[in-house]
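Please open the structure in your viewer, with the sequence panel beside it, and follow the stops below in order.

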Amino acid sequence: MALKRSLETNHSHVMGGGRGIAVLLLRTWVGAAAVAALGAPGGKPLAATPPMGWNDWAHYQCRYTANTILDNARALVSTGLAARGYDTVTIDDCWMQKDRDARGNLQPNPKRFPKGMKPVAEAIHKLGLKFGIYEDSGYATCGGWAGSGQPQGGGKYHFLQDARLFASWGVDYLKLDACNVYVPPGETKEEAYRKAYAAEHAALKAVGRPIVFSESAPAYFQGTPEWYDVLRWVRHYGQLWREGTDIATYHADHPDASRFHSVLWNYAYNLPLGRFQKPGNWNDADFIIAGDRGLSLAESRSQMALWSMMSAPLILSSDVAKLSPEAIAILGNRAVIAVDQDPLGRMATLVRRTGEMDVLFKPLANGDDAVAVLNRSAAALKVELRPAQLGFAATSACRLDAQNLWNGKRQSDVGALEAEVPSHDTVIWRIRASAACGRPTRTGTLTLTDNVRRRQHSLYGYARCLVPGSVEACSGAAEESWTVTPQGALRSSGGRCLAVAYGKPVMQACRAERAQHWRYTLLGNLISAADHRCLGTAGGESGSQKLALQPCGHNLPNQIWSLPN
Ligand code: GAL
């Protein structure tokens, strides 16, 4: 593991043994004291595995009362989903009034919460569940209700006062949104957001209750260069963060409008962000709408499998009592949940992307691995995956034992994984490779992340594949497969390495030399160890682009890469 991670070095962070010990070197106004992680009792980091639970938003938006929340909490228990890990019930926007009381405290909306918030929290705790709440780091929530942040024009924050109130109610989880953040003159938007999230972090620390902190800040920068800067600091303050567009919500007036495009979009922007993730720090691809109207059962399996391959939080947002037995079986699938909750917390590697499918690979803590194939196309797809494509030794002696996690079927001692994947479905296996396979190398696509166009519902606009010499729309061709070696070399499927010669990127026979070594930074740059410049592409945003070596810029879209994890 230490060897495998050695390519992930960065100027501003050092990752401790993969277990939440972060040594943070901050040179900003935030101050080192504000960034120490508040752990749960017993020394385990908060959210050591991705949070699981339920939230009202994607199904109800503001059409709910205390009873809606409690009915869903009870349904989590009665369906058995709570026992499978969905244990945190969070009330989203619209629970509060527009004004604070005479003491400056937030006030629950009396129509929705006639007895206030505490009894709701108590009832949730009595069910053996945890209680989560929504607030906003601006002066108003997205719905226009009272926020914790500075008033428009400047003034007093309410982070500490609100955190004390939440702790007095027994809040265990806070989702802090970021609509309406006031940006004082002379400050950048990013600075204003960072101050607000640092202040909330300090407030939660001061109240002393372990409260999981879900940050929405990055979502307000998606599509801008600062997105990556924000993604770099959120992990110092909270345990999970929303990076982008909301998952499509349910609407009673068109309940069966398909929401699969939204699942694919959120998956597409979350997948290249594996370098930001580790136990206690999770990329949040937004709610699980699997099982609700707008997704078929196949599409529901896809969302669960994809989110689990990414170790994304599993926060249901549906009417739990109305879920079908088939939906509950998908959401409650123990083996799939175990992939999501695997203690390593690794993001899946995109092994291969064609017009129809994505192949994903993820190492697991007990030495097993998980493999998934998403079929985006309208027709069933036959797949055959050989161990070498997944990073195992290319020898016929390498054999796999595999279990299909949806139907439980086992294959023993096979030379390839085979399946027919129905349209919009995702097959997911847990595999154990024989000794002859060796440990898998970091093998898969090396993509250039294009974060320029927000709300671009196209996977191809989002990530393009490195091939020797250029970057192309991913097609699944063998030359799109690369292995990242423990020394930091990038070896193509043809067995040659990406090197720097006479100031240009070239392919050469692999040799242990600096001209073939690359340093991967948290911001996503690949820096030549010999030349100290960055691997980038020359030219515009689309089509085929030639590789070039360039002075490293700050968050230049043509220099931001996603590597096998
Ligand atoms: C959005 C957020 C949603 C929901 C909504 C409430 O910004 O992404 O998940 O919280 O605000 O107004």
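Throughout this tour, a contact, or one residue touching another, means heavy atoms within 4.5 Å. The model is predicted, so local features need pLDDT of at least 70 and side-chain atom pairs count only at pLDDT 80 or more, whereas totals for chains, interfaces and linings use all residues. Residues are numbered from 1 along each chain as its sequence is written, and side-chain values use heavy atoms, with hydrogens and water left out.

Start with Tyr197, and display the residues that it touches beyond four places away in sequence: Ser137, Leu176, Asp177, Ala178, Phe213, Glu215, Ser216, Ala217, Trp233 and Tyr237. Tyr197 is also, with Tyr86, Trp95 and Trp307, among the residues with the most contacts inside the largest nonpolar core, which has 112 residues. Such a core is a set of buried Ala, Val, Leu, Ile, Met, Phe, Trp, Tyr and Cys residues joined through side-chain atoms within 4.5 Å, where buried means under 20% relative accessible area (1.4 Å probe, protein chains only).

Now look at individual atom pairs around the ligand. An oxygen atom of the ligand lies 2.6 Å from a polar side-chain atom of Asp92, while for Asp177 a side-chain N or O atom is 2.8 Å from a ligand oxygen atom, and for Arg242 the corresponding separation is 3.1 Å.

Move on to Cys465, which you will find in strand β21 (residues 463–467); strands are DSSP runs of E, at least two residues long, numbered from the N terminus. Is Cys465 buried or exposed? Cys465 is buried, because its relative accessible area is 0%. Its contacts, again leaving out residues up to four places away in sequence, are Thr445, Leu446, Thr447, Ser470, Val471, Glu472, Cys474 and Glu480.

Notes: A polar contact is a pair of N or O atoms within 3.5 Å; within protein, one must be able to donate a hydrogen and the other to accept it, and residues adjacent in sequence count only if both atoms are side-chain atoms. Buried means under 20% relative accessible area, exposed over 50%, partly exposed in between (1.4 Å probe, protein chains only). Helices (H or I, at least four residues) and strands (E, at least two) are DSSP runs, numbered from the N terminus.
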